[in-house]
Amino acid sequence: MFELFLTPEIWAAFFALATMEIVLGIDNLIFISIVANKLPEPARSRARQVGIALALVLRLLLLGMIAWIVGLKEPVFDLGISGPVGMHGEPTFETSFSWRDLILIGGGLFLVWKATTEIQQKVQPQPAGTVFASRPTAALGAVIVQIVALDVVFSVDSILTAIGMTDVLAVMYAAVIVAVGIMFLAAGPVTRFVHENPTVIMLALAFLLMIGMVLIADGFGRHVPKGYIYAAMAFAAFVEALNMFARRSQRPRMKPPSGTQ
């Protein structure tokens, strides 16, 4: 076992998988930051810690059930409907659903609903009495339930990605632990940054809305390369950073009191 970790190929697989798990964990961390900010200040840290701890536990448990996870990709039922053939010779969408597809569709719908309610709360602070109405504060239990629901979706996606990149179980465990550890260290700063910058909150909600739509499309067999998604998110974040620097530079500077040198 020790000789296994002296192999360059194993280290290459570990770093590649850890990087991918960290990137996938960004979605989870954004969601935890958004919902944790709905809580009173003393409970936010506890919600973040519980949410990330549950993410780690779920991922490790699912790694121990790899055979079952792989079986989630087997079709459960087929409605017999498919879209026109695309450029790559595959249908644009299909209705042959596996348990993985159903989990992704359910998680995507939940993300779309959650992002929409939060966006409405930011745009229209007063309750509107619609299905998308959201309360400005939430209970710790309700927030934990939401975090657990999305942890399940992101954990299944994360483990399926790990299985596709390496077949060494020890490498999978190490990469997942490192990625979740980085999420734990980054959770506090990310939450504070999101809370202190209202425009970043709206951008993060837009990311969640986009991720939800991508999960739904993936569940229907329309696979969107994740590289495109994260490239778009990185570009939008870069533009928002430029806007933040521009706003800071336009703030009037404090003038010294009259009579001072």
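Student: How far apart are the closest N and O atoms in the salt bridge that Asp218 forms with Arg100?

Tutor: This is a predicted model, in which local features need pLDDT of at least 70 and side-chain atom pairs count only at pLDDT 80 or more, while totals for chains, interfaces and linings use all residues. Residues are numbered from 1 along each chain as its sequence is written, and side-chain values use heavy atoms, with hydrogens and water left out. A salt bridge is a side-chain nitrogen of Lys or Arg within 4 Å of a carboxyl oxygen of Asp or Glu. For Asp218 and Arg100, the closest N and O atoms are separated by 3.2 Å.

Student: How many residues apart in sequence are the parts that this pair, Asp218 and Arg100, ties together?

Tutor: Helices (H or I, at least four residues) and strands (E, at least two) are DSSP runs, numbered from the N terminus. Asp218 lies in helix H7 and Arg100 in helix H4, so the pair links parts whose separation in sequence is 118 residues.

Student: Does Arg100 count as buried or exposed?

Tutor: Buried means under 20% relative accessible area, exposed over 50%, and partly exposed in between (1.4 Å probe, protein chains only). Asp218, at 10%, is buried. Arg100 has 12% relative accessibility, so Arg100 counts as buried.

Student: Which residues does Asp218 touch, not counting residues up to four places away in sequence?

Tutor: Contact means heavy atoms within 4.5 Å. Asp218 is in helix H7, residues 198-219. With residues up to four places away in sequence set aside, Asp218 touches Arg100, Asp101, Leu104 and His223.

Student: In which helix do Glu118 and Lys114 both lie?

Tutor: The side chains of Glu118 and Lys114 form a salt bridge, at 3.1 Å from N to O. Glu118 is buried at 3% relative accessibility, and Lys114 is buried at 7%. The two are four residues apart, about one turn, and both lie in helix H4.

Student: Which backbone oxygen does the side chain of Ser33 reach?

Tutor: Ser33 is in helix H1 and is buried, with a relative accessible area of 1%. Leaving aside neighbours within four places in sequence, Ser33 is in contact with Ala187, Val190 and Thr191. At 2.9 Å, the side chain of Ser33 reaches the backbone oxygen of Leu29.

Student: What is the relative accessibility of Gln146?

Tutor: Gln146 is in helix H5, residues 140-165. Not counting residues up to four places away in sequence, Gln146 touches Phe31, Val35, Phe110 and Lys114. Gln146 counts as buried because its relative accessibility is 14%.

Conventions. Polar contact = N/O pair within 3.5 Å; in protein donor to acceptor, adjacent residues only side chain to side chain.
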